[in-house]
Protein chains: 2
Amino acid sequence: MRITEMIQSKKVGGQLSEEQIHSLLRGYARGCVPEHQMAALIMAVWFNGLSRRETIEFTRAMAESGDSIPPGSFLPCSSADKHSTGGVGDKTTLVLGPLLAAAGVIVAKMSGRSLGHTGGTIDKLESIPGLSVHLSLEELVSKAGSIGLAVGIQTENLVPADQKLYTLRDATATVDSLPLIASSIMSKKLACSADTLLLDVKVGEGALLPEIADAQELASMMVEIGNSAGQRTRAAITDMNQPLGCTIGNALEVTEAIDTLRGRGSSQLRHLCLFLGSHVLALCDDDTEPEENYRNLASLLSGGEALDKFSEFIENQGGDPRITEDTSLLPQAEEMVEVRSRKCGCVCGIRTSEIGAAAQKLSAGRDASGQVRDPAAGIVLQKKIADEVQCNELLATLHRGSTADARIPPQLIDRVRSAFCIGETRILPPQLIRALVTDEGITHLKDHCVDNSVG
Amino acid sequence: MRITEMIQSKKVGGQLSEEQIHSLLRGYARGCVPEHQMAALIMAVWFNGLSRRETIEFTRAMAESGDSIPPGSFLPCSSADKHSTGGVGDKTTLVLGPLLAAAGVIVAKMSGRSLGHTGGTIDKLESIPGLSVHLSLEELVSKAGSIGLAVGIQTENLVPADQKLYTLRDATATVDSLPLIASSIMSKKLACSADTLLLDVKVGEGALLPEIADAQELASMMVEIGNSAGQRTRAAITDMNQPLGCTIGNALEVTEAIDTLRGRGSSQLRHLCLFLGSHVLALCDDDTEPEENYRNLASLLSGGEALDKFSEFIENQGGDPRITEDTSLLPQAEEMVEVRSRKCGCVCGIRTSEIGAAAQKLSAGRDASGQVRDPAAGIVLQKKIADEVQCNELLATLHRGSTADARIPPQLIDRVRSAFCIGETRILPPQLIRALVTDEGITHLKDHCVDNSVG
């Protein structure tokens, strides 16, 4: 009866009390609130939204529905977490994790698998021979405590209410509700109890949210949720109108991350990691300035400390650390197919979701344990937005590993070629970092990194 | 997958195709479409509505989900059906059924039990000793064919999709959606296959729809659905700002219906029955005019033919026909409590839903078979809107039968007293028949019946 009242209230634009929200989600997690009532409620939320206060309570109630890392687990050290809303070629965690750990911040991160056309950190890490991501909460805490960095797959009892609710949202066409997206992400972040949180909200054609206004709204919701729960939180709004860096695919992205940890790799990826890291350090220590932190982190890349930390992390989770010295130990392509341009001009756009979908197609299917069938599969981009292209010049290379079932079909080559828009006018690359959202509001940035060089 | 697409489509204001609607409801009736997806869809319908075309298809698809009376079952006679959207003291069917049957029209009607604060024809009929409403479809047709009138409770397989959907709407706060109300009512009417249909859409404080605009919209939806399915349909929009007639309660309403069939009773109830009946006859025979039909039907009341038909109907369904001559054979009150006014003045309003709720409270609870526990219980109104009241004068009498569990509590007396609004200014009674809706549109009526006399 009381659930029907809550649905009625949201339906006509009312607000739910703290007590109602907590009893709703407790009941839902326990199976006492039936799926059909929750479905009606979230559809009403899709139409009428949730107030900021409701969103915060909704998130807290979800976070309380399952396991959590005890707050203060890493004291006296600062701990940090990061989250990306998902993109194509987004290997930031693979760089930022070791970089922050090398700077003395503890990162105990739970990640997910790929979803739709966007990649997942867990799939990327599992391409490293021997590395295990199946850690209990205790193992995650202990491994992160010992070397500063651990990454595990989300445990089954991490925010079970969110896991149920996500399945329901998927079946009821209510995935695209900003307060529900915010509470889904932030409930998992709150349960992980890091002191600080850096959110990377992607915007553009290849992102969950193509529109900047939606990205800003989501970012500011999440920043407010985090800070109101005592987790110092900032968000960067960053470009996903083209893949990040020059590789898409699990082992390929690990290779690019290692390049970046060596102080090489695409300047775009390097800049983003240093920018995000500089704000994490500023959150950890009020006395530091992002600009100074940026320079210090850059020296951890050039000095090799970050790469050493990555190597230590791999070994700590059972993987083969030699891959950081010799990336040919990672799964390698058996077949490589070139995608060449049929036009000359300037790359004026890349349909990022198409590139992501093609990369998923190349490594398509998971085995019985849910692992990616072909970790070597993926796409290497030779051209990005603003690059000049000659007729018949290489745009991208498609990779297929030895574990794949079939050869790369010609349609896929055409699909990747068609994802490149070649125009006659020269344009500038898209601005990588669009805005920074803190508890004081939003700052629109003038991106000083326009270097778009690949590899 | 396809269901999610339909939800998405309705969510963003799109329209479902005929094929989608039929496959949705077929699947739902069979249990292949899960409740949570239907819940999300109907909440999207609550927000975005259904187009007239969608509403018609939705209704047809529901009507096809279960049993139906074969069309033409009563040829060469005309058959008629009526439906009220529900009110307090609405015993129209008990008068109109025998009246139409006496005029040569076949009425084979399926009715429901009381819902919320509104009464149900089935509960009223079951107060007649011996009378059975549990008829199969075949029995309903055969009994109506033999004497012109039969009334049964909705069979279990009458529009099972609607029965499932109504339960779901009740649990998800989506009862108040006009297209869903229209399709719920009309699917059952279409399944009963009468040639003609008269809808009585109640409007006012005691009605499902308090606002005239909503009542008009619902009426015109239902008239269009009926006519588009080949059922000649009209709707009257009638007042429910006070109870209809002067009795509320099952046996009490049967008594008042018998009074009206004798040509006596409240002029309000008599006028409404004659008005509705006159339009049924006009629908059955294009060559007749409602005004002439009204006079002919009035003579069937004064001549006793309508009462004789009621008697025949009761006997045909196993009841004791002597009640039409001696209403003391109906369940009688054991306790009667007077509700007297504490003010003097003019009755300027009656909170009808409160009167309805008090009457339900008096006969509260059903036994294991779903029957009302106290059929004698109810309220007799001594005053109605526009009546003058002296201090300490009788407003109403509460009745409790011998089968009730407990004596009438004093709070209930206060509740009924408080439902009467006594003012200083004289006012006119509310207009009983507000509008008539036909396939040609809506006609607003000037009510010529302002006689408000009770009993």
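Searching the whole structure, a predicted model, turns up 5 aromatic pairs over all chains. One of them deserves a close look. F47(A) and F47(B) form a stacked pair, with 4.1 Å from centre to centre and 5 degrees between the planes. Why does this pair join two chains? F47(A) lies in helix α3 (residues 35–48) of chain A, and F47(B) lies in helix α3 of chain B, so the pair joins two chains. Two values were quoted for the rings. A pair of aromatic rings is described by the distance of the centres and the angle of the planes. Planes under 30 degrees apart count as stacked, and the F47(A)–F47(B) planes are 5 degrees apart.

Now widen the view to the interface. How many residues of chain B are in contact with chain A? The contact involves 21 residues of chain B and 21 residues of chain A. Together the two chains bury about 1700 Å². Of that area, 73% is on carbon and sulfur atoms.

One salt bridge brings together the side chains of D176(B) and K11(A), at 2.5 Å from N to O. Across the interface there are also 8 residue pairs in polar contact.

Which helices of chain B take part? On the side that touches chain A, α1 (2–11), α3 (35–48) and α8 (160–171) of chain B each supply at least two residues. The most comes from α3(B), with 10 residues. Sorted by class, this side of chain B has 11 nonpolar, 6 polar and 4 charged residues.

Next, follow chain A by itself. Its domain assignment gives domain 1 (3–49), domain 2 (79–325 + 432–444) and domain 3 (331–423). Domain 2 is listed with two segments, 79–325 and 432–444. How far apart are the C-alpha centres of domain 1 and domain 3 of chain A? They lie 44 Å apart.

Finally, look at the backbone. A cis peptide bond joins L75(A) and P76(A), with omega about 10 degrees. P76(A) lies in the loop between α4 (52–63) and β1 (79–84) of chain A. In chain B, a cis peptide bond joins L75(B) and P76(B), with omega about 5 degrees. P76(B) lies in the loop between α4 (52–63) and β1 (79–84) of chain B. S193(A) is not a glycine, yet it has a positive phi of about 60 degrees. Look for S193(A) in the loop between α9 (178–192) and β4 (196–203) of chain A.

Conventions: Residues numbered from 1 in each chain as written. Chains lettered and ligands numbered in written order. Predicted model: local features only at pLDDT ≥ 70, side-chain atom pairs only at ≥ 80, totals over all residues. Heavy atoms only, no water. Contact = heavy atoms within 4.5 Å. Buried area = accessible area lost by both parts, 1.4 Å probe. Salt bridge = Lys/Arg side-chain N within 4 Å of Asp/Glu carboxyl O. Polar contact = N/O pair within 3.5 Å; in protein donor to acceptor, adjacent residues only side chain to side chain. Helix = DSSP H or I, 4+ residues; strand = E, 2+ residues; numbered from the N terminus. Nonpolar A, V, L, I, M, F, W, Y, C, P; charged D, E, K, R; others polar. Domains from an automatic or database assignment. Phe/Tyr/Trp six-rings, centres within 6.5 Å; stacked < 30°, edge-to-face > 60°.
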